[in-house]
Amino acid sequence: MTKKFILFSAGLVLSVCTMAQSVVLRFSGVMDDGAYVRMDSVKVLRTAMQATNRWVEVISAPDTVISFGGAGIGAIESGVTQIVVAPNPAKGHTLVSVEMDEPLPADVWLYNVSGQKVVVATKCNLTQGSNLLDVRMGNKGLYLLTVATAKGKKTVKLLNANKNDNHSIVFVGKGNIQEKRASTHAFNTGDSLVITGFATIGGKMYTSRVVRKCFYSSENVSLLFILPIQGMASGAFSMSDTHQVRFSRSNLQWSATGTHAVLGGGTAAGTWRFAPNPYDTLGTENINASSTYSSWISLFCWGTSGYNNCYPYLRSAYYFDYANDVTNIAGTNYDWGRYNAISNGGNQPGLWRTPTEAEWHYLIEYRDDASNKLGSATVEGVSGLVLLPDEWTMPNGMHFTSGVEASTNIYTAVQWDIMEAAGAVFLPVEGLYVNQFVYSASSTRSGKYWTSTRMNNMDVHVLVFTPNSIRMSNDQVVNGNPVRLVRTY
């Protein structure tokens, strides 16, 4: 049976109803520290095997109501429709969004776990739409919040993790329903939805971690917002059906000067960093790699994080085992990003990792609209490959043509800054190290990037892009390739 939907935002609620039952999805935005995020919008994508059965709806704050199936919004009972709490558990106080489908006076009561009424806010004039209350709890523990109107009452549980000075309920904001519109989009119980939240934080637009799930019953859907750490690009990229990553802005580099922290405690010689700019390359400078070379190198033999004497400046298989017993260095100390603190990438070990072969493969072939989200480009005279994030809006005045034969994707440094701010990532042709010789980026038209995944004893999977193709291939562990790190989002 086809259901009807009702979607709210900035309480941000999606309701799927039938004559006998209803499925309500309550959306809330939270930071990774539990802080409440007021979302600008939520995008709901219905996936399906056939493209004609897919649809997308964007729920825009504040308090937009979308009716699916043409049945209007009368199926929702008058009065308090939903109460959304974020964060919950709270840290002394939390924001409570009380959703009303009509303006009504209300009493709001807060009870402690013993059933004692600790604070009351009487005759609150709640408006149609979202009404935000700041609820402060004096002690740790479980509380019950009840909102009562002449049409009925609703109660939610609040869990408080921190003490506060007192108990209080303060009205802090309100919103009005801006839009009601009908849609013919269909939904069947068990359909798969892809849900993404958008919020403006500190003047910048951020995208939540994507929720991909089949919905069979009512749920609270928490959309997590994680702000970029130092060195992280802003765009989110799907690397499988279930997870996304954010790339480092530029390629990994190493110098013999200084020291850095390593995983497990202690320090090691040298300094790791991300290149100052995404289009910076070192080319033939890599031939100078040594334990005393004071400048930077960017082409590394596989697994040369410095762990177990696998140093980034060693160029022969006779010196070390190249993580010989490891089939995938991701999550091990042989992974450059996991073992080492990267000076301009958060400067502590364990923050980054190398993408697997399966992740690169998914990115270039299987994520939604994959073929239209990558293309050859030249930035500041350096050739390479542009990757566009899952959520992409072309900046004003910019351009992009997908495909490996694209020749119009030429950007100055200033233009690339604009593309990068919108979430794009650039992989430059860095050069190749083979048999004690470095082929510079200007003498090769092929870019290669290591994966974390070994193919056999001597070969490792690599991402390869040329003017003719973008594909997965392999290269020997004793050769040197650039490294682009990611952070699971």
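Me: Where is the place of Asn 328?
Reply: Before we look, please keep in mind that this is a predicted model, in which local features need pLDDT of at least 70 and side-chain atom pairs count only at pLDDT 80 or more, while totals for chains, interfaces and linings use all residues. Residues are numbered from 1 along each chain as its sequence is written, and side-chain values use heavy atoms, with hydrogens and water left out. Helices (H or I, at least four residues) and strands (E, at least two) are DSSP runs, numbered from the N terminus. Asn 328 lies in the loop between strand 25 (296-297) and helix 1 (336-339).

Me: Is Asn 328 buried, exposed or partly exposed, and which residues does Asn 328 touch?
Reply: A residue is called buried under 20% relative accessible area, exposed over 50%, and partly exposed in between, using a 1.4 Å probe and protein chains only. Asn 328 has 27% relative accessibility, so it counts as partly exposed. Contact means heavy atoms within 4.5 Å, and, leaving aside residues up to four places away in sequence, Asn 328 touches Thr 356, Ser 452 and Thr 453. Its C-alpha atom is separated by 9.8 Å from that of Thr 354, which is 26 residues apart from Asn 328 along the chain.

Me: How should I read Arg 249, and where is its place?
Reply: Arg 249 is found in the loop between strand 22 (244-247) and strand 23 (252-261), and with 26% relative accessibility it counts as partly exposed. Not counting residues up to four places away in sequence, Arg 249 touches several residues, including Met 232, Pro 276, Glu 420 and Arg 484. The C-alpha atoms of Arg 249 and Met 232 are separated by 5.5 Å, with the two residues 17 apart along the chain.

Me: How do I read strands that lie side by side, and what is the order of the open sheet of 4 strands?
Reply: Strands of a sheet pair through backbone hydrogen bonds, either parallel or antiparallel. The rule applied here is that two strands pair if DSSP finds at least two bridges between them. The open sheet of 4 strands has the order 11-10-13-14, and its pairing is antiparallel. Strand 11 (117-126) and strand 14 (152-160) are the edge strands, since each pairs on one side only. Within this structure, strand 10 (residues 104-112) and strand 13 (residues 141-149) run antiparallel and are joined by 6 bridges, and Trp 109 stands opposite Thr 146 in strand 13.

Me: What lies around the ring of Trp 109?
Reply: Rings of Phe, Tyr and Trp (its six-membered ring) pair if their centres lie within 6.5 Å, and planes under 30 degrees apart count as stacked, over 60 as edge-to-face and the rest as tilted. The whole structure holds 14 aromatic pairs. In one of them, the rings of Trp 109 and Tyr 111 have centres 6.5 Å apart and planes at 80°, so this pair is edge-to-face; both Trp 109 and Tyr 111 are buried. A charge sits over a ring if NZ of Lys or CZ of Arg is within 6 Å of the ring centre and within 35 degrees of the ring normal. The charged end of Lys 117 sits over the ring of Trp 109, 4.7 Å from its centre, and Arg 273 lies over the face of Trp 296, at 3.8 Å from the ring centre.

Me: Why is strand 33 described as largely enclosed by the rest of the structure?
Reply: In a regular strand the side chains alternate between the two faces of the sheet. Of the 7 residues of strand 33 (residues 459-465), 7 are buried, so the strand is largely enclosed by the rest of the structure. Asp 459, His 461, Leu 463 and Phe 465 are buried on one side, and Val 460, Val 462 and Val 464 are buried on the other.

Me: Which strands pair with strand 33?
Reply: Strand 32 (residues 447-454) pairs with strand 33 in the antiparallel sense over 5 bridges, and the two form a hairpin with 4 residues between them. Strand 34 (residues 470-476) also runs antiparallel to strand 33, joined by 7 bridges, and a hairpin of 4 residues connects strand 33 to strand 34. Val 460 is the bridge partner of Arg 454 and stands opposite Asp 475 in strand 34.

Me: How many helices and strands does the protein chain have?
Reply: The protein chain has 3 helices and 35 strands, and buried residues make up 55% of its 489 residues.
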